[in-house]
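The sequence and coordinates are shown first.

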Amino acid sequence: QLFTDALRRVASKVFIPLTVGGGIRTLDDFDRVLKCGADKVSVNSGAISDPDLIPRAAERYGSQCVVLSADIKRVDGTFRIFAKGGRENTGIEALEWVRRAEQNGAGEIVVNSIDTDGVKQGFDIEMLKAVSDVVSIPVIASGGAGSINDFVTLFREIPSMDAGLAASIFHFGEVQIKDLKTTLRENGVNVRL
């Protein structure tokens, strides 16, 4: 109840696309957050525990609403999907997982590199290229941003990358969004100012 109240308040104040995730395990969860004002729903562990969740959600709400959040880490030279906030190795091969998610109706993928998350030394270019090469839906890079230059490098190295995500550098005022957007524009990245 507390979460849905907060979501309704946020949705009434922001006028940008709002993606909501965390604890999404059923179609009822999709329904609840969409009715509270979310535009898209992000699912991670719920899709791992119920592989039919993505196709059922895409059929009911449309692919544009379904975002796969994939926590990926290198294990013995391969990319593996992790669950439970990156604590549990599912053994699932990541590139096949994201390819299958697209085939099942996911309209977007957020790729979080566990290897670089929180390190602030840049995005995991190798992993992000590998994911981008196997899907045609939008890919959002997450994990590793520590500076404006990390975003410039991301879009220079992977011109097809749709977005870059960061949290703490904005929360703690290390990077101002306006400065980031201006620098990206100056470096030829198509961004709204």
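## Basis of the description

A residue is called buried at under 20% relative accessible area, exposed at over 50%, and partly exposed in between, with a 1.4 Å probe and protein chains only. The model is predicted, and local features therefore need pLDDT of at least 70, side-chain atom pairs count only at pLDDT 80 or more, and totals for chains, interfaces and linings use all residues. Residues are numbered from 1 along each chain as its sequence is written, and side-chain values use heavy atoms, with hydrogens and water left out.

Helices (H or I, at least four residues) and strands (E, at least two) are DSSP runs numbered from the N terminus.

Arginine 80 has glutamate 93 in β5 as its bridge partner.

The two strands β4 and β5 form a hairpin with four residues between them, and lysine 84 in the turn has a positive phi of about 55°. Lysine 84 also forms a salt bridge with glutamate 88, with the closest N and O atoms 3.2 Å apart; the term denotes a side-chain nitrogen of Lys or Arg within 4 Å of a carboxyl oxygen of Asp or Glu. Lysine 84 is partly exposed because its relative accessibility is 47%, and glutamate 88 is partly exposed at 33%.

## Other salt bridges

The structure holds 15 salt bridges. One of them joins aspartate 5 to arginine 8, with the closest N and O atoms 3.5 Å apart. Both aspartate 5 and arginine 8 lie in helix α1 (residues 2-13), three residues apart, which is about one turn of the helix. Aspartate 5 has a relative accessible area of 29% and is therefore partly exposed; arginine 8, at 44%, is also partly exposed.

Arginine 156 and glutamate 157 form a salt bridge with the closest N and O atoms 3.9 Å apart, and glutamate 157 is partly exposed at 33%. A network of salt bridges links Lys73, Arg74, Asp115, Asp124 and Glu126.

Helix α6 (residues 125-134) contains the buried residues Ile125, Met127, Leu128, Ala130, Val131 and Ser132. The elements that cover these buried residues include β3 (66-75), β4, α5 (94-103), β6 (108-113), β7 (139-142) and α7 (148-157).

Threonine 116 lies in the loop between β6 and α6. This residue has a relative accessible area of 16%, so threonine 116 counts as buried. Contact means heavy atoms within 4.5 Å. Not counting residues up to four places away in sequence, threonine 116 touches Gly122, Asp124, Gly143 and Gly144.

## Nonpolar core

In soluble globular proteins, nonpolar side chains tend to be buried together. A nonpolar core is a set of buried Ala, Val, Leu, Ile, Met, Phe, Trp, Tyr and Cys residues joined through side-chain atoms within 4.5 Å. The largest such core has 59 residues, of which Phe30, Leu68, Ile72 and Leu154 touch the most other members. Not counting residues up to four places away in sequence, leucine 68 touches residues including Val43, Ala47, Trp97 and Val110.

Leucine 53 lies in helix α4 (residues 53-61) and is buried, because its relative accessibility is 0%. Leaving aside neighbours within four places in sequence, the contacts of leucine 53 include Ile24, Leu27, Phe30, Val43 and Ala47.

How values were computed
Two strands pair if DSSP finds at least two bridges between them.
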